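I opened my notebook for a friendly look through this fold. Here is what I looked up, entry by entry.

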Amino acid sequence: VITVDNGISAFAAIKKSVDLGIDLIITDHHKIPDKKLNIFSLIHPEKTPINSPYKYLAGVGIAYLLAKNICEKIDFDINITTANIFFCIGTIADMAPLKGANRKWLKECLPKINSTTNKGIKSIMKKLSIHNVDITSDDIGFKIAPLINAVGRIGDPNLIIDLFTNKSNDSVVKLTNDCFNMNRERKRLTSLVEQEALEIAVSEYRSDRKFLVLTKREWHPGIIGIVAARIAEKFNLPTALLAQANDGNFRGSIRSNNKLMVNQALAECDDLLIAHGGHSAAAGFSIKNENIYKLREKLNQIANREFKDINLYNNGSPYRDVMYVKDVCRAIKLVIDTGELNTIYNIGSGYPTQVGEIINFVKDYISSKSQINTIEPPEFHKNVQVQDFWMDVGKIESLGFVPEFTLEEGLKNICQ
């Protein structure tokens, strides 16, 4: 048995496979537990050397790497399959850092999506009216991926598998329509849950909670992760949403504010949980109803401890500027070095937004503070005066800029 993007914390399933004499190969990118795994093999980014280009692979990337190597061993060309297209979609959808192998393969494979022979992908792109344009990471992150994810969140995942493997044109059209209908329902449910969760979050925030734990039995377990991410971003606080699952227990989904490793926080609450797993930015767990209050208090204690010396808010507001100077410096440095104005970045991938948008912000700001009146994006990386601000990322960071600095604060300090 080979797992994809899961299994690292599935201790009961691992034991069962051992009892049945099944060799288990786990491919995963979630945090490796301290507990020894009795399995045939573990393929995981944490096991790679410190400078490995595979360090940033998401679950889909590890599966792609394994498949690519197997294909090479049997002298089969993986490029005649749709594997590289699914790698692009999965990597961007999982908001993996677009560095190393992720960046290389995306640059190679993203332009090939429009020429895919996969009927399901072609049908989705046509219905989205993006079949005749160059596909960008935004097209995947905000259009294609949410559509695919909606099926797994509130419906039967076999539907999407059927869509991507079906050869019948009529069936593909019907399945595509089913996906779009399901995504509309997902949006409706998400809007309702977000409105209810926001009301609870405001109350929690006013009570000076540093870890928001929001619970309602009736919420759909398939969409609580989406809402948790939105609440975490709005309040700049780690957020957990809990909903009741079919077995009567509660399922929780956590999103971090990028200042607390939520997987480690859950590890400290292990005695209260049925199961848990994830990574530093996002995690999931299951818990009995009677333990929710204890979990709520324990997570808040952990957050208070971790945030003791951190100013979480700008001007007293819980709403934060998501663009940080450290990210901007890295992005601008890359533009200067390569001249790539359409470099593929997506929100949450280590760089906050499209490079072009950052450039426009920086261009306008510097223009207002200096004699530089016009800096056209195609010439941006060639302008010596602007290079002086950004060329040495190490120097900029050594001036004391840390991720908590907003873009505007950082730019003011640099331009002074």
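I call a residue buried when its relative accessible area is under 20%. One caution before I start: this is a predicted model.

Entry on α5. I looked up helix α5, residues 119-127, and found Gly120, Ile121, Ser123, Ile124 and Met125 buried. I then checked what covers these buried residues, and the cover includes α3 (83-93), α6 (137-154), α7 (158-165) and α8. At the N-terminal end of α5 I found a cap from Asn118, with a side-chain oxygen 3.0 Å from the backbone nitrogen of Gly120. Just after the helix, I noted that Ser129 has a positive phi of about 60°.

Entry on Arg186. I placed this residue in helix α8, residues 169-206.

I traced 5 strands in an open, mixed sheet, ordered β4-β5-β6-β8-β7. From one strand to the next, I noted an average twist of 15°. I followed β6 (250-255) and β8 (282-287) as an antiparallel pair over 6 bridges, and found Ser286 of β8 as the bridge partner of Arg251.

Entry on helices over the sheet. I saw α8 lying across β4 and β5 (239-244), at about 135° to β4. Helix α9 (224-235) lies across β4, β5 and β6, at about 40° to β6.

Definitions and conventions: Residues are numbered from 1 along each chain as its sequence is written. This is a predicted model: local features need pLDDT of at least 70, side-chain atom pairs count only at pLDDT 80 or more; totals for chains, interfaces and linings use all residues. Side-chain values use heavy atoms; hydrogens and water are left out. Helices (H or I, at least four residues) and strands (E, at least two) are DSSP runs, numbered from the N terminus. Buried means under 20% relative accessible area, exposed over 50%, partly exposed in between (1.4 Å probe, protein chains only). Contact means heavy atoms within 4.5 Å. A polar contact is a pair of N or O atoms within 3.5 Å; within protein, one must be able to donate a hydrogen and the other to accept it, and residues adjacent in sequence count only if both atoms are side-chain atoms. Two strands pair if DSSP finds at least two bridges between them. Axes are lines fitted to C-alpha atoms, for helices over the stretch in contact, and angles run from 0 to 180 degrees between N-to-C directions.
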